Amino acid sequence: MTPSEAFSKLDAIQDEPDNCTALYEPNKTMAKTPRIAVVGSANIDLTTFTDVLPKPGETIFGQRFDLGFGGKGANQAVAARLCGADVFMVARVGNDLFGPATIKNFEKFGIDAHHVCQVEGVSSGVAPIFVDPAGQNRILVVKGANDELKPADVDAAADVLKGADCIVLQFEIPMETVYYTVQFARRNGIRCIVNPAPGQPIDAKALSDLDYFVPNESEAETISGMPVRNLDDATKCAQKLLGDGIRRVLITLGKNGSLLAGGEGMHHIPAFSVESVDSTGAGDAFIGSFAVFLGEGFSEREAVRRANLYAALSTTGVGTQKSFYDRKRFDLEWASRTKS
């Protein structure tokens, strides 16, 4: 794809009709619209759908290709916004053709992007994604400008962050920035959620004051060194993470739902059944919606249950942000599935 073709594709993505308009109105059933700050990554997703992956040295044909906005931080910000929150993004993008387009995409959704800055001489983050016929994905992330998001940038955004009800973080930015922001949240009495994705070794002590540590199965396995293949494995893994000093653990288990673990015990919250076509971004949909449901005052388990459905629904469409439901669609689906 040439640069001019990429520009045209990005412009088409930005200009295509969306069904987000209803979302920009606060949820009238709630006394307060949550304010969510996301300190994290912004990437461009390059998604290839293929029947098989090539062997070393082999060239094969894929089925189709999709170009879209992504990055775990950006996806979580969009999910939170679509669920009805006021959202603020703190991120870094490159001075390439993707940087301005990414900022424009935030603004299209109504996300405050004043603290999304371009970095000279650095590419924007990109994520080549390969999706098999079952909807499972394999993702490579080139962090680019995301690696330039530093603790000093958190301080520069302090006024915005101090007004948030919740700060959301991921591992696609430097770990020193993640740890610093967790400490910032604790000093200022702000709820903080860390999604340790992609999974990598952690300093559990630096996360001991965290409100929610939310890995998926593979991330939990990488971090704990324990297999996480079923609910029993997840329970043992959560116990280990709690023992390491993490206060509250929420492991997302895909079709097996979620496991919420804390000092009072373990709670398994089942998943909702859907016809999945692409699981890319489902974890981000869960995180962004979970932050909003908590902010609206739902109990932990109710917030997890709703986030389970929101994440599942995101897998019924192709891509990440483009597959996320707005609040009106979600509420209709929730009402339909939870009739007594």
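At what angle do the axes of α7 and helix α8 cross, and within what distance do they come?

Guide: The structure is a predicted model, and what follows should be read with that in mind. The axes of α7 and helix α8, the latter formed by residues 231-243, cross at roughly 50 degrees and come within 10 Å. That angle makes α7 oblique to α8. In hand, the crossing of α7 and α8 is left-handed. On the α7 side the residues involved are Ala-220, Ile-223 and Ser-224, and they meet Cys-237, Lys-240 and Leu-241 in α8. Sorted by class, this contact of α7 with α8 comprises 4 nonpolar, 1 polar and 1 charged residues.

From α7 the description can be carried to the largest pocket. The volume of this pocket is about 1,300 Å³. Several elements give two or more residues to its lining: β2 (43-49), α2 (72-82), β6 (125-131), β7 (137-139), α7 (217-224), α9 (282-295) and α10 (300-314). The largest share of the lining, 5 residues, comes from α9. By class, the lining divides into 24 polar, 18 nonpolar and 8 charged residues.

The crossing of α2 and α9 is right-handed, whereas that of α7 and α8 is left-handed. From α2, the residues Lys-72, Asn-75, Gln-76, Ala-79 and Ala-80 take part, and they meet Asp-284, Ala-285, Ile-287, Gly-288, Ser-289 and Val-292 in α9. The contact of α2 with α9 has 5 nonpolar, 4 polar and 2 charged residues.

The crossing of α10 and α11 is right-handed. Helix α10 contributes Glu-302, Arg-305, Arg-306, Leu-309, Tyr-310 and Leu-313 to the contact, and α11 contributes Phe-330, Glu-333, Trp-334 and Arg-337. By class, the contact of α10 with α11 consists of 5 nonpolar and 5 charged residues, with no polar residues.

The volume of the largest cavity is about 30 Å³. Its lining is made up of Asn-43, Phe-69, Gly-70, Ala-74, Thr-102, Asn-105, Phe-106 and Gln-321. Strand β3 (64-70) and helix α3 (98-109) each supply at least two residues of that lining, and the largest share, 3 residues, comes from α3. In terms of class, the cavity lining has 5 polar and 3 nonpolar residues, and no charged ones. The lining of the largest pocket, by comparison, includes 8 charged residues.

Most peptide bonds are trans. Here, however, a cis peptide bond joins Ala-197 and Pro-198, with an omega of about -5 degrees. Pro-198 is found in the loop between β9 (191-195) and β10 (212-213).

Conventions. Residues numbered from 1 in each chain as written. Predicted model: local features only at pLDDT ≥ 70, side-chain atom pairs only at ≥ 80, totals over all residues. Heavy atoms only, no water. 1 Å grid on protein atoms, 1.4 Å probe; cavity = no way out; pocket = protein on both sides within 12 Å on 5 of 7 lines; lining within 4 Å. Points joined across faces, edges and corners; volume = space filled by probe spheres on them. Helix = DSSP H or I, 4+ residues; strand = E, 2+ residues; numbered from the N terminus. Nonpolar A, V, L, I, M, F, W, Y, C, P; charged D, E, K, R; others polar. Axes fitted to C-alpha atoms, helices over the stretch in contact; angles between N-to-C directions. Parallel < 35°, antiparallel > 145°, perpendicular 65-115°, else oblique. Left-handed = near helix turned anticlockwise from the far one by under 90°. Contact = heavy atoms within 4.5 Å.
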